[in-house]
Amino acid sequence: MSKKKTTVFDGLISDNTVLSSLMVISPVIVCANSVQNAAALIYAFSAITFISVLIGSFVPKKLPYAAKTVIYAIISSIVYIPVKTAAQEFFPEVITRVGIYFPLLAVNSLIVLQPQTKFRSMKRTQMIPALVFYILGFDAVILVTAFLRELFASGTIAGRVVDMDTLVSGLGMPFGGFIFLGLLCGFYRAVRSAVRRENREEADSDVHSS
Amino acid sequence: MFIVAEFIVLLSTNLILMQALGTSTLFVAAGNRKNLLWTAITISVFTTAGSGAAYIVNKLLPSGAADLTPLLYTLIIGALYILILAGLYFAGGDLFDTAKKYIHLSAFNCAVMGTLFTVTERAGIYTSLDSFFGFILAGAEAGTGFILASFILTAAYARLNSSKVPAAFRGGPAMLIYLGLISMAVYAFR
């Protein structure tokens, strides 16, 4: 039971798409500098990835790798069309600001490559919750990154001015995104290895005591 | 002076350093110099040929159908991907076995797709770019920029992965910070 739970929740923390696998990092580095941008990217990434991978799970697994890759990319590019139309209603300014990174979400690694690696051996009933947590993992990282970068770079939260003494405007730039993500990634790895070490020591002490 | 100016242009329009496109692929390939060079060359082939095809698609696409652009660009890259794989397969020899992993890694990544969008965007601003050869040249320039960024990363790869770097920052996080510092320096050229 616990093993199954671990597998499903993996994408949220222990095998996070951005922090662990360093995938889909371009929008996080360049566009995650305001909460409004993050909200639009979260909407688009979640909708495109969930629907595309779900439809893609019906593609025969026996097809050659290259054919499956192309089919997955075509599915997500088709799914992108209604998602973009809806986004123009809710986030018209953000779409212009985010620019090319919005359509690029349609060919993200979680859609094009992961169905052939991480989700390949999973049944659909197991794949769907796992996929949801992989998506939530990305959403959480982009939201935290955008919140902190907007706060420290612009002194605002979701566009509302906050009383900040010191601002680091470079944090809102792509180079600031690289450095911030590198630091966040290092912090995440340090915490993850500390937790793993603690769990191992607990397991060892349980074995010795029994 | 011309070479210096071109070098600065390559840096300041660099896919990785200025737009973070293809960074994940760069990290995957960075473990081995041979892998990195092959990946960078393959990406350059895709960006160059893809940009040429994107020009044709842009000209044929009605102005009200801009939302179809990602789908059409995906079809371009998909067709190139299959054509290159098939070409190498039928050419025979060891080249197919050597090159296929780089082609799989390079075809659908942000660097290639991002180049097609970026070149189209730039052609909208600079009309001198808005020709078939302009697109091809801009695609080749983007690929060369990727190769340049690969060399910049390769130069520090061993140190960023050495035991002297704290375990939590070794590899990916250190490479991100390193690229951030290079990007900050390049930003000064803009």
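**Figure 1. Chain A and its elements.** A helix here is a DSSP run (H or I) of at least four residues, a strand is a DSSP run (E) of at least two, and the elements are numbered from the N terminus. The model shown is predicted. Chain A holds nine helices and two strands. Read from the N terminus, its elements follow the order α-α-α-α-α-α-α-α-β-β-α. The C-alpha trace of chain A spans about 55 × 50 × 25 Å along its principal axes. Chain A has 210 residues, and 43% of them count as buried. Take the contacts in chain A with a separation of 6 or more: 74% of them join residues 24 or more positions apart.

**Figure 2. Confidence along chain A.** The mean pLDDT of chain A is 88. In chain A, 96% of the residues reach 70 or more. Where is confidence lowest in chain A, and where is it highest? The lowest mean, 58, belongs to H1(A). The highest, 94, belongs to helix H3 of chain A, residues 35-56.

**Figure 3. Val24(A), a residue with positive phi.** Val24(A) is not a glycine, yet its phi is positive, near 50°. Look for Val24(A) in the loop between helix H1 (2-9) and helix H2 (26-30) of chain A. Is Val24(A) buried or exposed? Count the other C-beta atoms within 10 Å of Val24(A): there are 23. The cut-off for buried is 20 or more, so Val24(A) is buried.

**Figure 4. Ala158(A), in the loop between two strands.** Ala158(A) is another residue to check for phi: the value is positive, about 50°, although the residue is not a glycine. Ala158(A) has 13 C-beta neighbours inside 10 Å. A residue with 12 or fewer would be exposed, and one with 20 or more would be buried. Ala158(A) falls in between, so it counts as partly exposed.

**Figure 5. Chain B, built from helices.** Chain B has nine helices and zero strands. Its elements run α-α-α-α-α-α-α-α-α from the N terminus on. The C-alpha trace of chain B spans about 55 × 45 × 35 Å along its principal axes. Does the radius of gyration of chain B agree or disagree with that of a compact globule? For 190 residues, such a globule would have a radius near 16 Å. Chain B has 17 Å, so the two agree. Of the 190 residues of chain B, 46% count as buried. Among the contacts in chain B with a separation of 6 or more, 72% link residues 24 or more positions apart.

**Figure 6. Confidence along chain B.** Chain B averages a pLDDT of 87. In chain B, 100% of the residues score at least 70. Helix H1 of chain B, residues 2-12, has the lowest mean pLDDT among the elements of the chain, at 73. H9(B) has the highest, at 92.

**Figure 7. Leu72(B) and its neighbours.** Leu72(B) sits in helix H5 of chain B. Around Leu72(B) there are 19 other C-beta atoms within 10 Å. Buried would need 20 or more, so Leu72(B) is partly exposed. Which residues does Leu72(B) touch, leaving out those up to four places away in sequence? They are Val57(B) and Leu61(B). Ala54(B) is 18 residues from Leu72(B) along the chain, and their C-alpha atoms are separated by 8.4 Å.

**Figure 8. The contact between chain A and chain B.** The predictor gives the complex an ipTM of 0.90 and a pTM of 0.90. Chain A gives 38 residues to the contact, and chain B gives 35. On the side of chain B that touches chain A, the elements that give two or more residues are helices H2 (15-19), H3 (23-29), H5 (69-91), H7 (110-125) and H9 (172-187) of chain B. H9(B) supplies the largest share of that side, with nine residues. By class, that side of chain B has 21 nonpolar, twelve polar and two charged residues.

**Figure 9. H4(A) against H5(B).** Two packed helices are described by the angle between their axes and the distance between the axes. The axes of helix H4 (residues 65-90) of chain A and H5(B) come within 9 Å. These axes cross at roughly 175°. Angles over 145 degrees count as roughly antiparallel, so H4(A) is roughly antiparallel to H5(B). H4(A) makes this contact with residues including Ala66(A), Val70(A) and Tyr80(A). Among those from H5(B) are Pro70(B), Gly78(B) and Leu85(B). The contact of H4(A) with H5(B) has eleven nonpolar, three polar and no charged residues.

Definitions and conventions. Residues numbered from 1 in each chain as written. Chains lettered and ligands numbered in written order. Predicted model: local features only at pLDDT ≥ 70, side-chain atom pairs only at ≥ 80, totals over all residues. Contact = placed C-beta atoms within 7 Å. Nonpolar A, V, L, I, M, F, W, Y, C, P; charged D, E, K, R; others polar. pLDDT = per-residue confidence, 0-100. Rg over C-alpha atoms; globule rule 2.2 N^0.38 Å. Axes fitted to C-alpha atoms, helices over the stretch in contact; angles between N-to-C directions. Parallel < 35°, antiparallel > 145°, perpendicular 65-115°, else oblique.
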